[in-house]
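Please read the points below alongside the sequence and the coordinates.

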Amino acid sequence: MSEAVTPLVLSGVWRTFRSGDEVLDVLQGVDLALRAGEIVALVAPSGTGKSTLLHLAGLLESPDRGQVVVGGQDAGRLGDLERTAIRRRRIGFVYQFHHLLAEFTARENVILPQLIAGVPRADARARADSLLGAFGLGHRLEHLPGRLSGGEKQRVAIARALANRPGILLADEPTGNLDVHTADTVFDELLRMVRGEGVAALIATHNDALAARMDRVVTLREGRLVELARH
Ligand SMILES: Nc1ncnc2c1ncn2[C@@H]1O[C@H](COP(=O)(O)OP(=O)(O)OP(=O)(O)O)[C@@H](O)[C@H]1O
């Protein structure tokens with residue numbers, strides 16, 4: 001991908017949900033350009049469409065109208081296999097809950113998405129060890145998730161999301177399940193790693209203090225994206 005390509009562009013994105021007679025226009029023409037290396041906070045009240053927006057940006061769902069362009073490629077023009085390939089190579093996801101595979105060690109959890117993307121095992125292992133080491137988990141490589149603390153599990157989940165060197169990281173309340181102090185520390189590490197790797201990130205959070213540490217803060221108002229601050 002050339003430097004000039006914007007990693008993620010959403011143009012006029014609409015998403016409507018229907019249940020029975022009820023029609024809910026959650027997104028009503030969202031425009032967003034996430035530039036290379038930029039970290040954007042998405043702060044909006046519950047139920048306004050943050051997760052919906054992240055699902056569309058991550059190619060997990062398709063908009064009813066509008067375009068989602070990842071690395072210069074219009075996702076609407078791609079078949080399922082191509083979309084999946086782009087999602088695996090170019091996009092990392094972090095959720096509020098870690099979603100680690102319980103029967104695999106921390107290291108294996110970070111290796112697996114790389115093997116799926118075709119990375120040779122030795123390279124995948126080196127990358128996993130390097131990422132987990134950078135998160136201070138060099139002594140936890142062989143631990144199963146059940147033997148890790150909440151903060152450690154979330155660090156492994158972030159390392160896993162970064163494993164394939166994605167251009168884009170999408171995070172939905174990545175520290176929302178941790179106590180205040182741990183959340184603060186893990187969030188610092190997340191930002192440090194994302195900046196170090198030069199990844200563009202869109203991070204949904206309810207926490208204004210965390211949002212203030214990002215490059216830009218946007219919100220959803222009546223289904224559209226509005227910029228609140230630039231730092
Ligand atoms: N698959 C679906 N079918 C019907 N309605 C849906 C569906 N997904 C989301 N919604 C509705 O769309 C609205 C936005 O949901 P979404 O999960 O995107 O909000 P959110 O801003 O992420 O909320 P929270 O901060 O509580 O996670 C909500 O009213 C929700 O009930």
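How far apart do the end C-alpha atoms of residues 8-231 lie, and what share of the span is helix and what share strand?

1. Basis of the note. The model is predicted: local features need pLDDT of at least 70, side-chain atom pairs count only at pLDDT 80 or more, and totals for chains, interfaces and linings use all residues. Residues are numbered from 1 along each chain as its sequence is written.

2. The annotated span. The end C-alpha atoms of residues 8-231 lie 20 Å apart, and the span is 35% helix and 29% strand. Helices (H or I, at least four residues) and strands (E, at least two) are DSSP runs, numbered from the N terminus. An unreviewed UniProt entry gives residues 8-231 the feature "domain: ABC transporter". UniProt positions are in the numbering used here, feature names are shortened, and annotations may be inferred rather than shown by experiment.

3. The ligand shell. Around the ligand are Phe17, Ser19, Leu24, Val26, Ala44, Ser46, Gly47, Thr48, Gly49, Lys50, Ser51 and Thr52 (near means that the C-beta atom, placed from the backbone, lies within 6 Å). Two or more residues of this shell are given by each of β1 (8-19), β2 (22-34) and α1 (50-57). The largest share, 3 residues, comes from α1. By class, the shell holds 4 nonpolar, 7 polar and 1 charged residues (Ala, Val, Leu, Ile, Met, Phe, Trp, Tyr, Cys and Pro count as nonpolar, Asp, Glu, Lys and Arg as charged, and the others, Gly among them, as polar).

4. Helices α3 and α4. Helix α3 (residues 106-116) packs with helix α4 (residues 121-134) at an angle of about 130 degrees, their axes 9 Å apart. Axes are lines fitted to C-alpha atoms, for helices over the stretch in contact, and angles run from 0 to 180 degrees between N-to-C directions. The two helices, α3 and α4, are therefore oblique to each other (under 35 degrees is roughly parallel, over 145 roughly antiparallel, 65 to 115 roughly perpendicular, and the rest oblique). The residues of this contact divide into 8 nonpolar, 1 polar and 5 charged.

5. Helices α3 and α5. The angle between α3 and α5 is about 25 degrees, with axes 8 Å apart; α3 and α5 are therefore roughly parallel to each other. Ala106, Asn109, Val110 and Pro113 of α3 meet Val156, Ala159 and Arg160 of α5 (contact means C-beta atoms, placed from the backbone, within 7 Å). This contact comprises 5 nonpolar, 1 polar and 1 charged residues.

6. Helices α5 and α6. Helix α5 (residues 150-162) and helix α6 (residues 180-197) pack at about 15 degrees, with axes 10 Å apart, which makes α5 roughly parallel to α6. On the α5 side, the contact includes Gly150, Gly151 and Gln154; on the α6 side, Thr182, Thr185 and Val186 are among the residues involved. The residues of the contact divide into 5 nonpolar, 5 polar and 3 charged.

Notes
Two residues are in contact if their C-beta atoms, placed from the backbone, lie within 7 Å.
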